[in-house]
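Subject: Structure handover and findings

Hello,

Here is the structure for your files. Please open it alongside this note, as the findings follow below.

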Amino acid sequence: MIELANRVLNFFLNIGSQETDSKSLRLQKSSLILLPLIIGPAAFIWGLLYYYLGHYVSASIPMSYSFISIYNLWHLHRTKNIVPFLKIQMFLVLFLPFFLMWSLGGFAAGSYVMIWAFFAPIAALIYKPTTRPLCWFCYFVTLVVVSTIMDPFLIQYTTPMPQIGIELFFLLNIAAGLSGVFYLFKYYIEENEKNANESLKIEHDALLEKSRELEEANLKLQDLAHHDPLTSLPNRIHLEQSLSKMFSLAKRNNQAVAILYIDLDGFKIINDNFGHDKGDEVLESVAKSLNSLLREEDSIARVGGDEFIVAINIGDDSSYAEKVAQRIIDKIGHSNENISDLPQLGASIGISLYPAHAEDIRSLIKFADQAMYNIKLTSKNSFEVYDENMHTITQV
């Protein structure tokens, strides 16, 4: 039974709503529709009581509210336009209680009927974007003043109700009127809180999504800060971090690490004669070739236009670095075979060893660079291990 009553109530509360309405507008509409739902049935019953007591004019006033409200709801259901509904309801709940009071003999007989008139400024307050509440409150005050002036004449020319009737309607209007006002405000406040909570949840979810997007953007920025955007290889910053770990591990295990500084031979000719797009294509191909030669524990980075650094753990086999260097030269020589009309590439590689040549990263990279420069001056497409005598050679 309760569930059925809730369904009926929800049906009436939603008859003026549209899919395009905001939550706030839906709340305002449903709050206003409570007016005829609260007052209508009570007004009809009161009309019957007035009719029973012989006050036929008084009986017609609350009953007319019930019938007009039914039409008003039907019209709202057809048009979905809340503005005419609002104005008609506010006029009815403002003027009909005073008409009823005047028909009963003024303040002496039915002054507490006018508590229903409070619904007009209350409704205006709920729907204040359309109508100013203060304006409707001024209408109410004006009607009170008019009633005060009319009261002596109404008492003289209106048949008074029985005292028991006056007391009965006094209690009915106070109880039902105040409960109606209370329920109207309670519904509006609860629905407003519900909408506010939903809005907060939406904002919370939006903030979480924004936080996730910012976190992803931060990770991308960190990745860009440590990786070459063309080849996706680590850059020099990332390489130095990897080398630091490799050196610590090698020191604990009493092993050696080799740094291979690689410069491509013939790349400038490709870049100048075939364009930067072809040059970029060659660099991506070389990066894939180098990656295919290395183990998981090895490190690689692009540190310049056509320069790469490879770091490998060689254990206690110093010749292993030279074997890897020769494999790299052979692989690079075939790396651009799938790119048409390009001359063959070569590679000049300088090698430095940890801890034999130095124990700090920058010195080892510098020594490998010197060894690479030395081989580039002499034969190219080959490799050479750093020797301290290279200082004088590279400065010639």
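Start with isoleucine 39. Leaving aside residues up to four places away in sequence, isoleucine 39 touches Tyr65, Val93, Trp116 and Phe119. Contact here means heavy atoms within 4.5 Å. Isoleucine 39 sits in helix α2, residues 23-52. Helices are DSSP runs of H or I with at least four residues, strands are runs of E with at least two, and both are numbered from the N terminus. Isoleucine 39 has a relative accessible area of 7%, so it is buried. Buried means under 20% relative accessible area, exposed means over 50%, and partly exposed lies in between (1.4 Å probe, protein chains only). Phenylalanine 119 is 80 residues from isoleucine 39 along the chain, and their C-alpha atoms are separated by 9.8 Å.

Ground rules. This is a predicted model, in which local features need pLDDT of at least 70 and side-chain atom pairs count only at pLDDT 80 or more, while totals for chains, interfaces and linings use all residues. Residues are numbered from 1 along each chain as its sequence is written, and side-chain values use heavy atoms, with hydrogens and water left out.

Overall picture. The protein has 14 helices and five strands. Of its 396 residues, 43% are buried. Among contacts with a separation of 6 or more, 68% are between residues 24 or more positions apart.

Salt bridges. The structure holds nine. The criterion is a side-chain nitrogen of Lys or Arg within 4 Å of a carboxyl oxygen of Asp or Glu.

One of them pairs arginine 302 with aspartate 228, with the closest N and O atoms 3.1 Å apart. Arginine 302 is in strand β2 and aspartate 228 is in the loop between α8 (163-226) and α9 (236-253), so the bridge ties together parts 74 residues apart in sequence. Both arginine 302 and aspartate 228 are buried. For arginine 302 the relative accessibility is 15%. Strand β2 covers residues 299-302. The side chain of arginine 302 also reaches the backbone oxygen of glycine 305, at 2.9 Å. That is a polar contact: a pair of N or O atoms within 3.5 Å, where within protein one must be able to donate a hydrogen and the other to accept it, and residues adjacent in sequence count only if both atoms are side-chain atoms. Beyond four places in sequence, arginine 302 touches residues including Leu230, Pro234, Arg236, Leu283 and Phe308.

A second bridge joins lysine 376 and aspartate 265, with the closest N and O atoms 2.5 Å apart. This pair links distant parts of the chain, 111 residues apart: lysine 376 is in helix α13 (residues 361-378) and aspartate 265 is in strand β1 (residues 256-265). Lysine 376 is partly exposed at 23% relative accessibility. Aspartate 265 is buried at 8%. Asp263 belongs to a salt-bridge network with Asp265 and Lys376.

Glutamate 240 pairs with arginine 236, the closest N and O atoms being 3.8 Å apart. The two are four residues apart in α9, so about one helical turn separates them. Glutamate 240 is partly exposed at 21%. Arginine 236 is partly exposed too, at 34%.

Helix packing. The axes of α11 (residues 276-293) and α12 (residues 320-333) come within 10 Å and cross at roughly 145°. Axes are lines fitted to C-alpha atoms, for helices over the stretch in contact, and angles run from 0 to 180 degrees between N-to-C directions. In α11, Val286, Ser289, Leu290, Ser292 and Leu293 meet Arg327, Ile328, Lys331 and Ile332 in α12. By class, this contact has five nonpolar, two polar and two charged residues. Ala, Val, Leu, Ile, Met, Phe, Trp, Tyr, Cys and Pro count as nonpolar, Asp, Glu, Lys and Arg as charged, and the others, Gly among them, as polar.

Backbone points to check. Most residues other than glycine have a negative phi, and most peptide bonds are trans. Tyrosine 354 and proline 355 are joined by a cis peptide bond, with omega about 5°. Proline 355 is in the loop between β4 (346-354) and α13. Lysine 80 has a positive phi, near 60°. Its place is the loop between α3 (56-79) and α4 (82-104). Asparagine 254 also has a positive phi, about 55°. Asparagine 254 is in the loop between α9 and β1, and it is exposed at 70% relative accessibility.

Best regards
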